[in-house]
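Please read the points below alongside the sequence and the coordinates.

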Amino acid sequence: MYRTIGATLLAAGMLGLSLVGCGDDGNGGSTSGRVIPPHCTMEQAPATAFAGGEVSARPLEAGAAEGILNMPIGSALGAYTSRAYGFGADGFYDERDHELAGSFSASVGIETAPRVKALVLRNGEDHVVFVRLDLGASYRGLTRDIEKALGEAYSGKVILATSHTHSGFGHFTSSEAFYLGFSIFRREVYDALLADIVATVEKALDRMVPARLGIAYDDHFDLDDRVNRDRRSANDELAGGKLDDHHLFVIRVDSTEGAPIAVVPVVGLHGTVGSPDNMWASVDAPGYIERVLEESFDDEVLVMHLQGAAGDVAPADSHGVSCSTDYCENYARMESVGQHAKAAILALHEAAGEAMRDTIEIEMLTRDVPLGPELENLVIRDGALRYATFDGVTKPDLEIYDEDGNIISPIDEFNAPVGAALCSEGVPLPNLLMPGGIALADTPYGRCNRVDRLASFIEPLFGFELGDLPVCDSIHTTVSALRLGEHVIATLPGEPTTLLVEALREASPAGADKTIVVGYAQDHAGYLLRPEDWLLGGYEPSITFWGPLEGEVIMERALDLIPLALSPEREDAAAGGVPYTLPKQGPDDLPPIDPSPLSGTVPETIPEGLLVPWDATLTQAQPADELMRFETTHFVFIGDDPRKATPRVRLERETDGEWVPVRRRSGREVRDSELLLTWTPIPLVRDAGDRHHYYVVTWQAVPALGEVDSLDGRGGLPVGRYRIAVDLAEGRTVVSDEITVIESDLTLAGEAAEGGYRLSAFYDVPSDGFRLLRLDGPSTGLVPVRAALEVRFEDGGGMPLGPDLEFVDHDGTIVVEPPDGAVRILVRDAYGNLGQIAL
């Protein structure tokens, strides 16, 4: 998360911005044994629900549900700071207003709509609600608001986890510390998000049935790096080489009658296939792990991917499509990650079914824990490592390690009264640094910027205020532990790195093989590293607030909860916690929603300035009336202001004279991923006249994910008539004209070879294709045909010579023996796509 920081700070210094300290340490009242700054509005969490009594194995019940997050297009997309105007200006495609996005570029559409998923487990003594969102991070205020909305029985019983997609909507966190990652807090967006979450959880509660649960573990997952890979080279020596998250857990939940309810794979990888310049909302690689697995079942089974040690783990490289034009993103590569992960996860799902329990112990504990600026909170390893002072003045002794290479304590190099961040590898600015910073320029200490001095740079450049300091949400965070029988789930509020997660699992009293660590959950405190790892520098230490000890402080507080969760008593974890910060109240400073009087119509002409993927030139609003397989077409309509309602598109096919939704194997309707939605307000600027909201739906004539059994079948979209239907606000619908899909041509290449004639068959996929067709090469250009082939030889008069030949198991190239008199070869694949070549 967050890029191009150092260069921007350097540029700011050259521009002569006044960078002076304006912080306030705060010294207000005290609650639960800690000092609360007077500018922070805080609330003590109520007692842990069901505290008291003993833990026992009781009959399990489970319920699951999913829904779409109705967050508006035009919001910022979170997790890449370079989308902010002052930090790189990625994603500013045109001159449109970005009033909702603030200083960030405004999102322009949806590739895959963000989902909310809920899984509820209960056994009559306790319960837990898993909520998983396609967002870049969690926020503890949202976690607590979900608990409040569900009632007192859910206090401390919600695990809020996120996918960490870098193409998810922002504005959901009220922590000013992360406005540079997710833009400013918008109450309008937050309230809609909360409502969608609560509605989905309530739906899951309505579906509770007797259930059974099993958990399986693979500690050798993806050793060939086809799903995830190490991205942090700075710690290779410390880690003993390249190290990524190769620990896969799968939680399987079925009804007692054997029907699958949920599959929960836990493994870490960043959601960073989408680039900072991508402005279409997308679930990215973590979400595609879910989508691919969903289509391994014949019903709507909930698949909920939870992040593991993803802090220094990237999605694996693969091909996808080749982008050669503007406004093109490699969405196909996102799906490829899910395709590569599928077999291992399904194998572990099968293994989890071998030892399922229908009675189980459940205990869920949540605690808000203090961080800085109070020094006594930032101590680890039984007091072995601590900070010396936070006075902002005392210069360090510049000695970091002792003669044995151990970190010297107390640490006097980190001296930041209200925290320090953005420890980039760029050229440091002396007046932002901690005491002695320049002398430590080869370490993160010498590049960290004091938050109190950084505030005067950020506020004028980005148009929002950090407010009084310390930032209220930076002084504490939230951890949880959940017991499920012999297993325990520990949550970490941020981006846990592999070395830290391995240390937690090894120290867990449950045992490493029964300790599941879920990152990006409950709250967000940036990257979580061990001190030795933090000191090695690189990118990850940039997004921390309380220096090298912060990550392990949080890890130890999570560890504190595990023995409580495993004990026979039901404890009140909140009694040992601190208050949490409430989300901001009050309305947003936003203009009224546009009326868009032409909503629900199809324009007669294409307006100037319409944004179209791949910068395509459109001459009509309606899609092509005839479309060859693999070709792409567009449908333009006028809809509502996205703040009122985001259009929901679906693909329909004529079947037996009726228009019906195209469905995936799981029964889900095809509503996104295959249908790319792009939005443009015309005119782009609000005060240039009455505005209308134009949308473009882009579709490639390829079978939907889950519509065919394998990638080899994606040349076989059923021929026939299709149309695009759009659901608008107030129950209105707009539909496109009919699109007749026909077979594609095959491109053939041949040459003489030993034993006959070597013949290769390809689909020639246009450069504006965006769907995944194969895993071993680009999905645009010449794509080998792997479907069954039928080969016919013809003479000069077009008469067949001998029987047709059939080839089933091949890689796109076959060897044939043309009979005497043959002048051409005709090749047809299993779906009727045809090509010919002269001999």
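This is a predicted model: local features need pLDDT of at least 70, side-chain atom pairs count only at pLDDT 80 or more; totals for chains, interfaces and linings use all residues.

Which residues of H9 meet which residues of H11?

1. On the H9 side the contact residues are Leu 500, Ala 503, Leu 504 and Ala 507. On the H11 side they are Gly 551, Glu 552, Met 555, Ala 558, Leu 559 and Ile 562. By class, this contact has 8 nonpolar, 1 polar and 1 charged residues.

2. The geometry of this pair is as follows. H9 covers residues 498-507 and H11 covers residues 550-566; they pack at an angle of about 25 degrees, with their axes 10 Å apart. H9 is therefore roughly parallel to H11, since angles under 35 degrees count as such. The crossing of H9 and H11 is right-handed.

3. H9 has 7 of its 10 residues buried, so the helix is largely enclosed by the rest of the structure. The buried residues in H9 are Thr 498, Leu 499, Leu 500, Val 501, Ala 503, Leu 504 and Arg 505. Among them, Leu 500, Ala 503 and Leu 504 also belong to the contact with H11.

4. Strand S21 (residues 476-484) runs antiparallel to S22 and is joined to it by 4 bridges; Leu 482 stands opposite Ile 489 in S22. The hairpin of S21 and S22 has 2 residues between the strands, and Gly 485 in this hairpin takes a positive phi near 65 degrees.

5. With strand S24 (residues 515-518), S22 pairs in the parallel sense, over 4 bridges. Ala 490 has Val 517 in S24 as its bridge partner, and Thr 491 stands opposite Val 518 in S24. S24 is buried on both faces: Thr 515 and Val 517 point one way, Ile 516 and Val 518 the other way, and all are buried.

6. What angle do helices H6 and H7 make? H6 (residues 284-294) and H7 (residues 331-352) pack at about 50 degrees, with their axes 7 Å apart. The two helices are therefore oblique to each other, and their crossing is right-handed.

7. In the contact between H6 and H7, H6 supplies Asp 284, Ala 285, Tyr 288, Ile 289, Val 292 and Leu 293. These meet Met 334, Glu 335, Val 337, Gly 338, Gln 339, Ala 341, Lys 342, Ile 345 and Leu 346 in H7. The residues of this contact divide into 10 nonpolar, 2 polar and 3 charged.

8. An open sheet of 4 strands has the order S40-S39-S42-S43, with antiparallel pairing. S40 (805-807) and S43 (834-838) stand at the edges with a single partner strand each, so one side of each has no neighbour in the sheet. Direction ignored, neighbouring strands of this sheet are turned by 25 degrees against each other on average. Within the sheet, S39 (residues 789-794) and S42 (residues 824-829) pair over 6 bridges; the partner of Glu 794 is Arg 824 in S42.

9. Two cis peptide bonds deserve a check by eye. One joins Ser 409 and Pro 410, with omega about 0 degrees; Pro 410 is in the loop between S18 (362-370) and S19 (420-421). Another joins Leu 469 and Pro 470, with omega about 5 degrees, and Pro 470 is found in the loop between H8 and S21. Leu 469 is buried, at a relative accessible area of 1%. The C-alpha atoms of Leu 469 and Asp 745 are separated by 65 Å, and the two residues are 276 residues apart along the chain.

10. Phe 50 has a phi of about 70 degrees and lies in the loop between S3 (42-43) and S4 (58-59); at 37% relative accessibility, Phe 50 counts as partly exposed. For Asp 656, phi is near 55 degrees. Asp 656 is in the loop between S29 (648-655) and S30 (658-661) and, at 78% relative accessibility, counts as exposed.

Methods
Residues are numbered from 1 along each chain as its sequence is written. Side-chain values use heavy atoms; hydrogens and water are left out. Two strands pair if DSSP finds at least two bridges between them. Axes are lines fitted to C-alpha atoms, for helices over the stretch in contact, and angles run from 0 to 180 degrees between N-to-C directions. Angles under 35 degrees count as roughly parallel, over 145 as roughly antiparallel, 65 to 115 as roughly perpendicular and the rest as oblique. A crossing is left-handed if the near helix is turned anticlockwise from the far one by less than a right angle, and right-handed if clockwise. Contact means heavy atoms within 4.5 Å. Ala, Val, Leu, Ile, Met, Phe, Trp, Tyr, Cys and Pro count as nonpolar, Asp, Glu, Lys and Arg as charged, and the others, Gly among them, as polar. Buried means under 20% relative accessible area, exposed over 50%, partly exposed in between (1.4 Å probe, protein chains only).
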